[in-house]
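This note is written for a colleague who is meeting the structure for the first time. Please read the points below with the sequence and the model at hand.

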Amino acid sequence: MLRKTTIIAGFAVVLGGAAALGHGDTAPQSVNTAGLPDLPEEMAGENPWREADPDLLFKAIEVGAKGYNSNCARCHGLEAISGGLAPDLRYLEANDFGDEWYLDRVLHGYEQNGAVKMPPFEGILTQEAVWAIRTYIETRPDEVEMADQKAALTDLRDKLDAVKDDPTAAAALAADLEAAGQGFEALSGAPRAVTPFDLAAWQLSTEPPHIKAALETLTAAVRN
Ligand code: HEC
C-alpha cells in the first residue's frame, strides 16, 4: 500500500515537472468555441473579429483566454506575459502582417534542428479557436499599467463579492467597472485593450448577469 502511494506520488511529480518546464510534450487541446459564430470554411488571412462589436469581441476574448491558457501559456506565459521561454506575443502587430505570421506559426509550429520548439495546431484548433486566441492576445493591456490598478481591482472585486447574491446590485456595478477600464492601450496596436474591468463589466451586463464569471475575472486579476 505504502509502495503504491509512493509510485503514484512520484508519477505526479514527473508530470508536474514536464508542464512547468514547458517542453513540447503536453498534447495540444481542442477548444470549446460555443457561443461564437461559425466562420467560413476557408481560413481567413486576417483576424475577422478585430473590429467586432463588444458582444462578439468579449465573447471571443473569453473563449480565447481559455484556449490560450490550455495551449499556449506554458511556453508563452500566463496572461501572455512571456517569462523568456518563448516570444512575448503581445507585441505581435494587430494587422495583416502580424496575422500572417501568427497563423503560420500556430498552424505549422516551429522546429529547430529536428526538435519541436512549438507544436503545430493545425487540425486541433478550429478556425474559431485560432482567431479567438488571437483576439485575446492582441487585446492584452500593458501589465505595467495594470499593476497600478491592483487597489481598484480589489475594491471592485470586494464590492461585487458583497452583492453576489443580488443580481440587480451586481449588474449596477457594471458601470463602475466600465469606467475603470477606460484609457488602456494594447501593446499590439489593436483598436482597444480589454482589461479585466471591461471583461467583468460585460459579464455583468448580460441578462441574467454572469456574477460568478465576473468574480472569477476580477479575482484572477487581483491574484496576478
Ligand atoms: C512548447 C512550447 C510552445 C507552445 C505550447 C506554444 N508555443 Fe508559440 N512559440 C514557441 C517558441 C519557442 C517560439 C519561437 C519560435 C521562433 O523562433 O520563431 C514560438 C513562436 C510563436 C509565434 C511567433 C512569435 C514571434 O514573435 O515571432 C507565435 C505567433 C506563437 N508562437 C503562437 C503560439 C500560440 C497562439 C500558441 C498556443 C495555441 C503557442 N504559440 C504555443 C513555443 C511554444
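The numbered points go from the basis of the model to its overall make-up and then to single regions.

1. Basis. The model is a predicted one, in which local features need pLDDT of at least 70 and side-chain atom pairs count only at pLDDT 80 or more, whereas totals for chains, interfaces and linings use all residues. Residue numbers start from 1 along each chain, following the sequence as written.

2. Overall make-up. The protein chain holds eleven helices and two strands; helices (H or I, at least four residues) and strands (E, at least two) are DSSP runs, numbered from the N terminus. Their order from the N terminus is α-α-α-α-β-β-α-α-α-α-α-α-α. Of the 224 residues in the protein chain, 36% count as buried. A residue is buried if 20 or more other C-beta atoms, placed from the backbone, lie within 10 Å of its own, exposed if 12 or fewer, and partly exposed in between. Among contacts in the protein chain with a separation of 6 or more, 68% come from residues 24 or more positions apart; a contact means that the two C-beta atoms, placed from the backbone, lie within 7 Å.

3. The ligand shell. There are 19 residues around the ligand, and Cys72, Cys75, Ala86, Pro87 and Met118 come nearest. To be near, a residue must have its C-beta atom, placed from the backbone, within 6 Å of the molecule. At least two residues of this shell come from each of α3 (73-76), α4 (96-108) and β2 (115-118). Sorted by class, the shell contains twelve nonpolar, four polar and three charged residues. Here Ala, Val, Leu, Ile, Met, Phe, Trp, Tyr, Cys and Pro count as nonpolar, Asp, Glu, Lys and Arg as charged, and the others, Gly among them, as polar.

4. Strand β1 (residues 110-112) runs antiparallel to β2 and is joined to it by three bridges; strands pair if DSSP finds at least two bridges between them. Tyr110 has Met118 of β2 as its bridge partner, and Met118 is also among the residues that come nearest to the ligand. Two residues lie between the strands of the hairpin, and Asn113 in the turn has a positive phi of about 50°, although Asn113 is not a glycine. Asn113 is exposed, with 5 other C-beta atoms within 10 Å.

5. Glu79, in the loop between α3 and α4, has a positive phi of about 60° without being a glycine. Glu79 counts as buried because it has 21 C-beta neighbours inside 10 Å. The peptide bond from Glu207 to Pro208 is cis, with omega near -5°, and Pro208 lies in the loop between α10 and α11.
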